[in-house]
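Please find below a colleague's note on the model under discussion. It is arranged as numbered points.

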Amino acid sequence: MPNALSKIVAIFLVVFLLFVYPIKNELERQDETSRIYVLSKTIGFVDSVRNLGYIAPDMYENYLSELAATGNLYKIEMVHAKLEYLPVTEYNHSTGQYEARPGEFLKSYKNTYTAEIEECLFPEPDPLNPLEEGKPYEMRKGDYFTVSVVNQNKTMATKIQEMVYGRVISPEKIFVTYGGMIKDESD
Amino acid sequence: MKVTDLAIAFILIILPSTLILDYKTMNTSLAAYENVKMVRILDAAVEDATESMVSVGVSDRVAIDIDKGYDSFINTLYRNFQMIDDEINRRTVEGYIPCIAAVDYDGYYIMRHIEYERDGVTEIKMAWMPKRSYSYSDDRYIYSLTLGNDITVYDKYTQQIYKDSADNFIASGTLPGSVLLSDDPYIAGDEMHDFDVRRRNAIIECLQKDITDAINNHNNIAKYYGITYYFSLPTVEHDDWMKTIDDVGFLAFFQGMPMGNSGEYANIFSIGGARIFKTSRFYLDIDGTPDGTGGLVYFYHTTEDCPWLKPSVRPPEGYPMRDHAKECAKEGYFPCEYCY
């Protein structure tokens with residue numbers, strides 16, 4: 001039957017053109033929208049932290065639930081670089097000890113990462129004190145706070161692209177990094 | 001020809017152009033997104049620079065530390081690019097910054113790339129140029145302007161230097177024949193108003209000239225960074241220039257960075273003001289306005305020219321002023337519905 005082949009080709013074409021291609025396009029648009037959404041939410045979160053000088057548990061929770069609204073799974077990395085002034089030390093051969101060089105100092109940053117910040121916001125329940133609540137993570141003026149967000153799961157668009165193009169595509173579609181200096185401190 | 005054949009022919013014709021368009025749209029929207037992100041990042045960097053640059057020194061004089069400002073600026077930029085310990089990429093990013101300007105009360109600093117010889121090798125580095133003052137000159141005088149009303153004047157005839165505020169000069173008539181302080185008959189407003197317009201334009205002109213110089217010069221530098229972008233001063237609205245010189249501030253340009261692979265390049269600038277000199281003022285209407293039911297409403301106004309603020313009853317010493325809307329409200333005044 002000569003018609004059978006053309007019918008099969010036609011069915012494949014119809015499925016591809018009427019379903020797969022428009023859906024792929026729609027989902028790609030959705031990823032773009034999520035990217036802008038995640039960017040604006042991250043900027044909002046970081047700016048409020050920079051202006052306030054602390055991260056309150058509800059601020060962070062709010063931010064997480066806003067990200068969750070996009071339906072993707074994200075890896076969030078927060079970095080708090082704490083500004084420190086250290087003395088400059090020098091090895092003194094005659095005394096065999098490190099001695100501070102007077103009048104000199106060193107500016108350095110000490111980083112604290114997501115795990116420690118989250119531990120402060122949402123502490124492990126302590127059996128002796130089960131009602132202990134998380135407290136705001138405080139920073140000082142001059143410190144730097146940076147958040148970077150990357151999606152972990154393959155978005156629907158990536159999955160369909162993999163199907164159409166027939167190759168493995170890396171899942172990272174939404175990546176945002178934003179940070180800045182802390183402008184105020186809580187007291 | 002069957003319908004399916006027609007459909008296949010249609011697809012063969014349409015598909016390539018659709019795919020190409022699709023690809024281009026994706027790249028363009030990525031470029032647009034990158035641009036939004038870069039604008040935000042640059043704004044944050046400039047904000048941080050202004051924040052850490054300004055310190056209030058002895059006797060309430062504002063001192064600016066340009067090196068501190070630059071440190072914060074570049075630090076925030078590097079943190080946003082996640083290259084805090086990536087020396088080579090940091091140098092690359094520097095190539096995209098043709099010019100930075102710090103606006104001080106009585107002059108401005110420009111940071112640009114300079115070439116210099118060291119051990120027989122030419123090196124390129126970003127460096128602050130010496131402070132330039134806001135200068136203006138007419139037939140007889142050379143002026144050094146400030147962001148406020150204080151001016152320093154050199155008289156070419158008598159070779160004397162005067163230093164005072166513009167309103168005192170106008171009141172005392174120390175500077176006969178001064179163009180800067182004269183009243184322009186074609187513009188409404190008194191001498192002070194005209195002086196303010198001329199002062200602002202002169203300051204903007206000075207800044208513009210040096211910034212354009214630095215950006216144009218960057219075309220010679222950029223080739224060493226491997227940047228093939230033609231650097232030129234981006235369009236800055238007149239209002240944005242006005243905003244720059246309202247106060248001590250920081251101004252940064254960021255150009256030539258490729259945005260995705262659509263052939264678009266970043267071409268942005270950011271302005272940060274420290275909000276020290278020009279605080280907002282609110283004028284109180286002490287006489288009150290009839291509210292229509294026989295009572296009086298008291299308003300506070302943002303400008304002295306507000307028509308609701310009756311010019312006929314202006315007290316000789318001027319309307320009482322407050323710095324914050326809060327203070328006005330505490331004293332029982334409402335915001336003016338016309339100008340607030």
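This is a predicted model: local features need pLDDT of at least 70, side-chain atom pairs count only at pLDDT 80 or more; totals for chains, interfaces and linings use all residues.

1. Overall form of chain A. The C-alpha trace of chain A spans about 100 × 50 × 35 Å along its principal axes. Its radius of gyration is 26 Å, whereas a compact globule of 187 residues would have a value near 16 Å. Of the 187 residues in chain A, 22% are buried.

2. Elements of chain A. Four helices and six strands make up the secondary structure of chain A. Read from the N terminus, their order is α-β-α-β-β-α-β-β-α-β. Among the contacts in chain A with a separation of 6 or more, 73% join residues 24 or more positions apart.

3. Overall form of chain B. Chain B contains seven helices and 17 strands. Its C-alpha atoms occupy a box of roughly 90 × 70 × 40 Å along the principal axes. Buried residues account for 29% of the 340 residues in chain B. Of the contacts in chain B with a separation of 6 or more, 58% are between residues 24 or more positions apart.

4. Domains of chain B. The assignment divides chain B into domain 1 (22–131 + 203–273), domain 2 (134–197) and domain 3 (282–335). The C-alpha centres of domain 1 and domain 2 of chain B are 33 Å apart. Seven residues from domain 1 of chain B and five residues from domain 2 of chain B take part in the contact between them. On the domain 1 side, these residues comprise four nonpolar, one polar and two charged.

5. Which elements of chain A supply at least two residues each to the side that touches chain B? In total, 19 residues of chain A are in contact with 20 residues of chain B. The elements in question are α1 (2–52), β5 (144–151) and β6 (175–181) of chain A. Of these, α1(A) gives the most, with 10 residues. By class, the side of chain A that touches chain B has nine nonpolar, six polar and four charged residues.

6. Nonpolar cores. The largest nonpolar core has 77 residues, and A45(B), A101(B) and A252(B) have the most contacts inside it. Domain 1 and domain 2 of chain B each contribute at least three residues to this core. With neighbours within four places in sequence left aside, A101(B) is in contact with Y108(B), Y109(B), I110(B), L207(B), I211(B) and L251(B). A second, separate core has eight residues, including F282(B), L309(B), C328(B) and Y333(B). As general background, nonpolar side chains tend to be buried together in soluble globular proteins.

Notes
Residues are numbered from 1 along each chain as its sequence is written. Chains are lettered from A and ligands numbered from 1 in the order in which they are written. Two residues are in contact if their C-beta atoms, placed from the backbone, lie within 7 Å. Ala, Val, Leu, Ile, Met, Phe, Trp, Tyr, Cys and Pro count as nonpolar, Asp, Glu, Lys and Arg as charged, and the others, Gly among them, as polar. A nonpolar core is a set of buried Ala, Val, Leu, Ile, Met, Phe, Trp, Tyr and Cys residues joined through C-beta atoms within 7 Å. A residue is buried if 20 or more other C-beta atoms lie within 10 Å of its own, exposed if 12 or fewer, and partly exposed in between; C-beta atoms are placed from the backbone. Domain bounds come from an automatic or database domain assignment. The radius of gyration is taken over C-alpha atoms; the globule rule is 2.2 Å times the number of residues to the power 0.38.
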